[in-house]
Amino acid sequence: MGAKYFGASVPRKEDERFLVGDARYVDDITLAGMHHAAFLRSPHGHARVRAVDVSAAASLPGVRGVFTYDSFARWMKPLALFGAVPPRLAERVAITVKNVPQYPMARDTVRYVGEIVAMVVADNRHLAENALDAIEVDYEPLPPLVDMVDAAEPSAPVLHPEWGDNVAVAFKNTLGDPDRALAGADVTVRERFHVQRYVGMPIEMRGVVAEYDRRAGALTTWNNTQVPHFLQQGLANTFELPTHKVRVVAPDVGGGFGTKANGYAEDVLVPLAARELGRPVKWTEDRREHFMAAAHARHQTHDVEIGATRDGTIVGIKDRIWVDLGAYNSWGIVLPYNSVAHLLGPYRVTNLFVDVTAVVTNKMPNAPYRGAGRPEVVFAIERAVDCLAHELGIDPADVRRRNFIRADELPYEIDMPYRDGNPLVYDSGDFPATLEAALAQVDYDAFRAEQPRLRARGIYRGIGMAAYVEGTAVGPYESASVRVDLSGRVVVATGAASQGQGHETTFAQVAADALGVPLDWVTVVGGDTDAVPFGVGTYASRSAVTAGNSLHDAATEVRGKLVDAAAKLLEVAPDDVVLEEGQISIRGVADSALPLGKLVQASLPTFAAPGVAPPRFEAEAFHHVPTVTYTNAVHVAAVEVDPGTGLTKILRYVVAHDCGNVINPRIVDGQIHGGVAQGIGGALFEDLVFDDQAQLLTGSFLDYLVPTSMEIPTIENVHLHTPSPRNPLGMKGVGEGGAISPPAAVANAIEDALAPWGVRITATPVSPARIVGLLAARERERARVHA
Amino acid sequence: MKPAPFRYAAPTTVPQALELLAQHGDEAKLLAGGQSLLPLMNFRLARPSVVIDINRIAELAGIQQDAGVLRVGATTRQAALARWAADQPGWELLRAALGFVGHDAIRTRGTIGGNIAHADPASELPALLLCLDGSVLACGPRGEREVPARELFWGPLTTSIQPDELVTEVRFPSPGSGAGWGFEEVSRRHGDYALAGVAALVACDPDGRVLDSRLALFGVGDTPLRATDAEQALRGREPTRAAIDEAARLVGPALDPHADLHADADYRRSVAGVLAARALAGAVSRCEDGRVGATQR
């Protein structure tokens with residue numbers, strides 16, 4: 001394979017249509033006779049639904065149907081569940097997982113604000129929302145579960161009576177002898193860390209358009225899902241149709257971040273209404289609905305104990321972890337086990353105890369969001385390491401230097417399975433080199449030298465770092481097909497739908513290199529179950545590795561067919577055929593060149609003769625990816641904190657990272673920038689707040705603060721490239737990483753800036769009020785001591 | 001997020017608008033820039049049965065300076081006033097305050113009159129009007145009246161403008177040549193409503209003593225507020241750092257701020273004092289005869 005495009009920052013092929021407004025999102029799809037849906041959602045966190053009266057709503061002008069659970073009872077099947085325990089994991093770690101079916105509409109109880117109670121379909125959205133106003137629901141409020149630690153207590157009211165308690169996932173795991181190790185430590189730190197509930201805010205809301213063809217008995221739905229083939233399976237199951245009778249199309253999608261990889265009630269209800277009414281139906285989520293009822297994320301509490309010897313060698317870690325899953329356990333072990341599998345990160349620690357309790361509460365269920373359990377554990381551990389460094393009186397960078405696994409120790413096995421049941425073995429990277437690259441970029445020593453001088457002038461600057469080692473590219477495969485058309489141009493299709501990541505460019509780069517055609521000869525199709533029969537989807541930093549390698553396999557196979565056909569056409573041995581720039585030629589014979597289209601055309605039978613070769617210039621591949629490959633990074637934030645107002649300004653943000661071989665460096669930079677912006681959102685701004693009645697208090701962008709360009713600093717990336725040994729292209733995933741470390745790095749930097757006060761930052765978001773409150777408490781404490 | 005059904009009227013003269021107001025009273029809402037009203041309607045938190053769109057009343061837009069008073073038509077866009085103020089000496093405080101009003105897109109639609117009449121206690125322009133001892137002109141069935149800023153703001157989103165009255169003009173008196181200004185605001189993000197904010201004006205006599213000091217606060221009470229104790233404490237004194245700090249220390253204890261998701265009352269009280277000190281120091285440093293910037297810092 002020549003690498004003409006692989007590794008080049010070619011401009012994104014898809015950007016022009018996005019920039020000029022020619023993109024086609026779900027909401028842009030309009031079908032003849034289409035109706036519009038709106039949903040009545042629970043205003044209560046927890047209530048019994050005594051009665052629903054839709055009669056007034058149903059008789060309003062323009063209303064075509066009002067539906068409740070009973071209307072669709074025959075078709076109400078539980079929403080998809082993810083995250084079962086793989087057998088090879090179960091052999092090693094005893095994990096309790098409890099599930100309970102969640103139906104697309106509430107039957108007799110609502111368990112979170114935003115849960116669907118009824119659906120209206122009308123001639124337009126205005127009329128549909130007017131009808132929502134006219135539906136009468138008799139709710140009997142029930143005691144709400146809000147706090148995750150309280151919900152885990154045996155005395156708490158039980159959300160799902162069949163469970164007996166609220167614990168959805170529980171497991172413990174021990175490596176080495178942590179009790180003995182911590183007892184022998186010179187210094188230990190214990191602290192409770194808390195990561196708030198926050199989630200991706202894609203610019204494009206969720207949306208569903210559905211059309212049921214009674215003649216064909218087939219359903220087509222446009223849905224901005226990240227996982228079209230999963231959704232196809234779910235709908236085939238609900239509608240009791242063969243898979244090929246259900247087509248799911250994810251057209252242009254404006255951001256996913258995991259939020260759109262979840263299984264949602266609306267995915268099913270809109271198609272059910274379309275079939276019931278015999279008309280296409282559209283629903284576009286509004287932002288209020290997104291806050292209430294698009295999957296939430298994050299939200300963990302960690303009680304960490306960490307110990308070290310006087311020289312800074314970490315001897316053991318204990319972490320009791322609570323995970324707030326929201327009202328249903330939709331994702332099984334995914335989030336809690338991800339946290340545990342990523343707890344140690346780059347640290348060489350052999351004594352570990354974890355005790356995990358994932359509970360249900362009266363909130364929108366959680367789903368993986370960019371990082372998926374990693375940002376939370378990285379916050380807890382990287383904060384704990386900084387606290388430890390402080391207690392030891394050793395610079396935080398030096399503590400990390402002492403404890404990071406060295407490159408010569410790789411492959412490095414942690415004695416627990418990964419979430420997929422395979423051994424957890426770091427395959428590649430040089431963690432100390434990543435750390436040094438980040439520190440050099442930020443000029444750490446100069447910062448430390450200047451810091452006391454600035455403090456003397458009343459300027460409080462701090463620097464913080466946070467590392468991660470991330471299992472990326474969850475398998476087991478992704479589909480890719482490659483087909484050459486009559487003009488010699490190439491169509492690539494894959495199950496890895498794009499939500500804006502640049503697949504049309506990066507996958508074209510891989511295919512163009514493998515085939516030997518110009519980049520703009522390749523069209524990439526994603527997000528259509530008719531384009532490729534099997535697929536998995538885009539999440540878990542997986543598409544470049546899984547789809548990229550399948551695509552490389554398929555394109556290489558097609559290239560072989562082209563070369564064989566060319567050999568026949570040119571009457572030479574295959575080894576003497578050159579395929580470059582979309583032309584075939586005989587090696588060393590300059591004027592023998594023919595465009596690829598001529599070869600394809602020559603392969604078709606004519607009246608005069610059969611073709612030179614079978615014209616099957618296509619292939620599908622399903623490259624097997626049994627387990628993850630490990631990306632690593634170190635983030636460094638430099639901040640200035642105004643102790644008078646509590647405002648934090650991020651002065652520098654550096655990311656040194658190693659995701660192996662890179663298809664398109666500019667796209668990788670963009671991925672990191674976006675992730676860091678979301679991570680800074682979690683560090684300083686974003687918070688889904690519930691009151692003690694499980695009422696959502698942050699239901700709009702007025703109260704839920706997403707950072708804007710004004711709050712995000714220039715992000716400086718340093719790229720290291722240790723190829724992955726686990727796939728032919730040597731790639732590792734990068735989609736999520738940017739979002740993992742910022743909460744820890746920024747909090748570490750803030751605590752460092754405020755070192756003269758000696759306050760400890762234990763929770764995010766680190767708001768100005770939180771900072772001023774901590775400083776005021778410390779001043780009061782000092783005043784008491786002096787009094 | 002679609003509004004409840006409403007009727008729409010678009011008068012082209014002030015009398016027509018007043019007639020519609022007289023007809024519909026409390027049931028009507030005036031639509032100017034729509035930057036607050038429309039989100040409230042889309043959430044169905046506001047459900048006016050009639051929306052009276054005053055954007056087509058040509059006489060309501062315009063900016064003129066008249067004997068030291070800046071008269072701004074009610075539907076003048078915030079962005080238009082910011083453009084006007086960009087190169088007008090003496091209006092730096094107005095320019096600074098407008099820079100904190102939302103973002104470009106909001107200022108392009110948002111109006112001066114709408115912003116004042118909406119009376120959000122965390123909003124910049126009401127506090128500015130109070131700081132400058134400005135007023136609004138209100139027209140109603142009983143004729144036209146000038147309402148001083150001190151009598152305008154009654155509570156959160158509540159003013160002394162009657163349901164049958166229309167704000168036609170906002171009057172900002174010039175701060176006066178030689179006065180120094182300061183403007184400080186803390187918000188979670190650039191362009192957000194203030195957690196706390198302060199507009200300050202200081203004028204000094206030739207001996208460098210404070211002739212007049214004004215301090216208007218926003219985001220820390222039910223309405224914009226004047227910090228009268230602090231203002232008083234500085235008058236007649238040399239505005240040293242110590243004098244400023246002493247005055248600013250009076251600000252917080254006099255407040256009874258609300259708590260919300262973004263900040264508790266203690267935070268607002270504490271930060272109002274910090275910002276008052278900064279705004280006063282800024283004002284003194286910009287003041288023609290002020291000395292704090294030169295010698296006392």
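**View 1. Ala119(B) sits in the loop between helix 6 and helix 7 of chain B.** In this predicted model, helix 6 covers residues 112–118 and helix 7 covers residues 124–131. Is Ala119(B) buried or exposed? Ala119(B) is buried, because 21 other C-beta atoms lie within 10 Å and the cut-off for a buried residue is 20 or more. Setting aside neighbours within four places in sequence, you will find Ala119(B) in contact with Pro126(B), Phe153(B), Leu157(B), Thr158(B) and Thr159(B). Look also for Thr223(B): its C-alpha atom is 7.4 Å from that of Ala119(B), although 104 residues separate the two along the chain.

**View 2. Four strands of chain B form an open sheet.** Strand 11 (180–186) and strand 14 (225–226) are the edge strands, each pairing on one side only. Strand 13, residues 210–218 of chain B, runs antiparallel to strand 14 and is joined to strand 14 by two bridges. Which residue of strand 14 is the bridge partner of Leu217(B)? The partner is Leu225(B).

**View 3. Domain 2 of chain B meets domain 3 of chain B.** Chain B is divided into domain 1 (7–56), domain 2 (61–173) and domain 3 (180–296). Taken over C-alpha atoms, the centres of domain 2 and domain 3 of chain B are 21 Å apart. Their contact involves 21 residues of domain 2 and 19 residues of domain 3. On the domain 2 side, the elements giving two or more residues are helix 4, helix 7 and strand 8 (153–155) of chain B. Which of them gives the most? Helix 7 does, with six residues. Sorted by class, this side of domain 2 has 14 nonpolar, four polar and three charged residues.

**View 4. Chain B touches chain A.** Here 17 residues of chain B and 25 residues of chain A make up the contact. On the chain B side, helix 11 (residues 265–286) gives the most, with five residues. By class, the chain B side that touches chain A has nine nonpolar, three polar and five charged residues.

Notes: Residues numbered from 1 in each chain as written. Chains lettered and ligands numbered in written order. Predicted model: local features only at pLDDT ≥ 70, side-chain atom pairs only at ≥ 80, totals over all residues. Pairing = 2+ DSSP bridges. Buried ≥ 20, exposed ≤ 12 C-beta atoms within 10 Å, placed from the backbone. Contact = placed C-beta atoms within 7 Å. Domains from an automatic or database assignment. Nonpolar A, V, L, I, M, F, W, Y, C, P; charged D, E, K, R; others polar.
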